[in-house]
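Reader: I am new to this structure. Could you walk me through it, one question at a time?

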Amino acid sequence: MELSVKDEDGTYYLYNESFWTSKKSLTVDGVAATKLAKRTFRVERSSKPSEDHVNDGQNTELSFTADEASAQKSQPEYEDFNIKGNFLTGVSLVSNSGKTVVLAKNKWYDWLMIFFPVIGIPFGIIFCGAIGAFFSTLFTMLAAVLNANIARSKKPIAVKIPLQIVIGVIANAFWFAVWYVIAVLILSAL
C-alpha cells in the first residue's frame, strides 16, 4: 500500500507499507527517512542559516569566523515521525514538533464497504458448522482486506463502491460453494 499527501506547507510525504511483511518506509520531500523503531522514522533536513551567526566584526566573543559559520549552516536538523494507525484504520504521521499529517482516514462508507463481506460469517457459523465457519471467516476477511485496499486507491468513488460490493458478494458465494462441495463429498462418503 502506498499513501501520499502534500501538506499546507508544500511538504510531500510518501508512505509505503507491505501487507504481507508489514515493512514500512517513509519519504519526506524525496528524502528517505531512517527507521529508528517499528513505527518511528527520522528525516534529516538541512538547517536554515540564521542571521545570529553572521560576523559583524563588533563582538568578537560571540561572532563566528566564515569557516565556523559555514560549519554551523551545514549541521543537519532532524525531525522524527511516529506512525499512528494502519492501512485498515487510516494512517497519520505525528512529528516530534507536534505536527500531525493525515495520510488516509476512513469515511463512513469506507467502513461500511470494508466490513460488508463479513456479514457471511454468522451464516457460516450458525448454519454450516465448523467447516462453514472456517471458510466463511477466511474468505470474508480476505475480501475485507481487498476492500480496504480499494478504499485507499485513487479510483473514483463511482468505481470503488460497486467493485467492493462485487468482491463481497463473490467472497460469500465462494465460501458457500466450497463448503457445499465439501459437505456433498462428506455425505456421499457415508
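**Strands, helices and a pocket**

Author: Buried means under 20% relative accessible area, exposed over 50%, and partly exposed in between, with a 1.4 Å probe and protein chains only. The model is predicted: local features need pLDDT of at least 70, side-chain atom pairs count only at pLDDT 80 or more, and totals for chains, interfaces and linings use all residues. Residues are numbered from 1 along each chain as its sequence is written, and side-chain values use heavy atoms, with hydrogens and water left out.

Reader: What pattern does the protein chain follow along the sequence?

Author: The protein chain holds four helices and nine strands. Helices (H or I, at least four residues) and strands (E, at least two) are DSSP runs, numbered from the N terminus. Read along the sequence, the pattern is β-β-β-β-β-β-α-β-β-β-α-α-α.

Reader: In what order do the four strands of the open sheet lie?

Author: Two strands pair if DSSP finds at least two bridges between them. The pairing here is antiparallel. The edge strands, each pairing on one side only, are β1 and β4. The order is β1-β2-β3-β4.

Reader: How many bridges join β2 to β3?

Author: Strand β2 covers residues 12-17 and runs antiparallel to β3. Y15 stands opposite L26 in β3. The bridges joining β2 to β3 number five.

Reader: Which residue stands opposite A32 in β4?

Author: Strand β3, residues 24-28, pairs with β4 in the antiparallel sense. Two bridges link them. Opposite A32 stands T27.

Reader: Is D29 buried or partly exposed?

Author: D29 sits in the loop between β3 and β4. That hairpin has two residues between the strands. D29 has a positive phi of about 50° although it is not a glycine. Because its relative accessibility is 45%, D29 counts as partly exposed.

Reader: Which residue takes a positive phi in the hairpin of β2 and β3?

Author: This hairpin has six residues between the strands. The positive phi is near 55°, and the residue is S22.

Reader: Where is the kink in α3 centred?

Author: α3 has 33 residues, but its end C-alpha atoms are only 23 Å apart, short of the 48 Å that a straight helix would reach at 1.5 Å a residue. The expected span is 1.5 Å times one less than the number of residues. The kink is about 160°, where a bend is the angle between axes fitted to the seven residues ending at a residue and the seven starting there.

Reader: Which element gives the largest share of the lining of the largest pocket?

Author: A pocket is an open set of points on a 1 Å grid over the protein atoms alone, where a 1.4 Å probe fits, with protein on both sides within 12 Å along at least five of seven lines; lining residues have an atom within 4 Å of a point. The largest pocket holds about 210 Å³ of space. Among the residues closest to its centre are A104 and R152. The largest share of the lining, three residues, comes from β9.

Note on methods: Points joined across faces, edges and corners; volume = space filled by probe spheres on them.
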